[in-house]
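Hi,

Here is the structure I promised to send over. Have a look at it first, and then read on for what turned up.

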Amino acid sequence: MSLLAWIVLFTLLGGVLSVLAASVFLLLPVSLRTRVLPAMVSFAIGALLGAAFLAVLPHALAAPGLRDMHAITSTVLLGLLGFFVLEKLVLWRHCHAHECEAHGSASVAGGRTPGATEAHAHGHATASGYLILFGDGVHNFVDGVLIAAAFLTDVHLGVVTALAVAAHEIPQEVGDFAILLHSGFSRGKALLYNVLASLTTVVGGVLAYFSLGVAQAALPYVLAVAASSFIYIAVADLI
């Protein structure tokens, strides 16, 4: 199998299949979902941290021709700061349903009439749903670039990276589905839009294959950003 085929296959695994798995998970009884979801999140934390510290970072530091290891560790730090900024711009971590409801509650406290408050809350919830889809698309595009960079370094590293991405995408997509449904999307529409947003993983992977393939010197730094994204998601979001 060609390297490009590996990248397309595993970006689909990390994107579309994780959305479908999350949609199936939502069909389970609520009581069972409540018990299983914390275990899924804990597994995702371990997968992300294990991939970052035991696979991605060692490959980045052992890259041929790398002269300054401090540049790699500095890139990890800058990546953490960058993802923090993305979080504050509501592109990486998403608005949660109770926070959106709090906005509506604040409107009541501000003296809005009930009808105006309900319309405002509904409009805010719908906007939050589309914002989640946009943020998810950006997130998935970056995941695709990171998966491609890992495959360009080593096929086994690519597989590990893609599985770590899928592990954290499933519980995240469960949360995204819940917020989209809260925002007024039907189940079919929420599934369709989530699948479309997940396809940006494949786009990111293919673009990275053609661009990073001719820029081998950039691969260790892309891997460092991959490690920082895994660490940040695990520590600042999932935990």
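What covers the buried residues of H3? Before getting to that, keep in mind that this is a predicted model. The cover includes helix H2 (30-61) and H9.

Now for H3 itself. Helix H3 takes in residues 69-88, and its end C-alpha atoms are 29 Å apart. That agrees with the 28 Å that its 20 residues should span at 1.5 Å a residue. Its buried residues are Ile72, Thr75, Val76, Gly79, Phe83 and Glu87. They cover an arc of only 115 degrees around the axis, so they sit on the same side of H3. Turn to the other side and you'll find His70, Leu77, Leu78 and Lys88, which are exposed.

Is Ser229 buried or exposed? Its relative accessible area is 1%, and buried means under 20%, so Ser229 counts as buried. If you leave aside neighbours within four places in sequence, Ser229 is in contact with Phe83 and Leu146. Phe83 is one of the buried residues of H3 mentioned above.

Leu12, Leu192, Leu196 and Leu199 make a nonpolar patch of about 330 Å². Of these, Leu192 belongs to helix H7, residues 187-198. Leu192 has a relative accessible area of 48%, so it is partly exposed.

Cheers

Terms used
Residues are numbered from 1 along each chain as its sequence is written. This is a predicted model: local features need pLDDT of at least 70, side-chain atom pairs count only at pLDDT 80 or more; totals for chains, interfaces and linings use all residues. Side-chain values use heavy atoms; hydrogens and water are left out. Patches are made of residues with over 30% relative accessible area and no salt bridge: like charges are joined within 9 Å, nonpolar side chains (Val, Leu, Ile, Met, Phe, Trp, Tyr) within 5 Å. Accessible areas come from the Shrake-Rupley method with a 1.4 Å probe; for residues, only the protein chains shown count as cover. A salt bridge is a side-chain nitrogen of Lys or Arg within 4 Å of a carboxyl oxygen of Asp or Glu. Helices (H or I, at least four residues) and strands (E, at least two) are DSSP runs, numbered from the N terminus. Buried means under 20% relative accessible area, exposed over 50%, partly exposed in between (1.4 Å probe, protein chains only). Contact means heavy atoms within 4.5 Å. The expected span of a helix is 1.5 Å times one less than its number of residues. The arc is that of the directions from the helix axis to the C-beta atoms.
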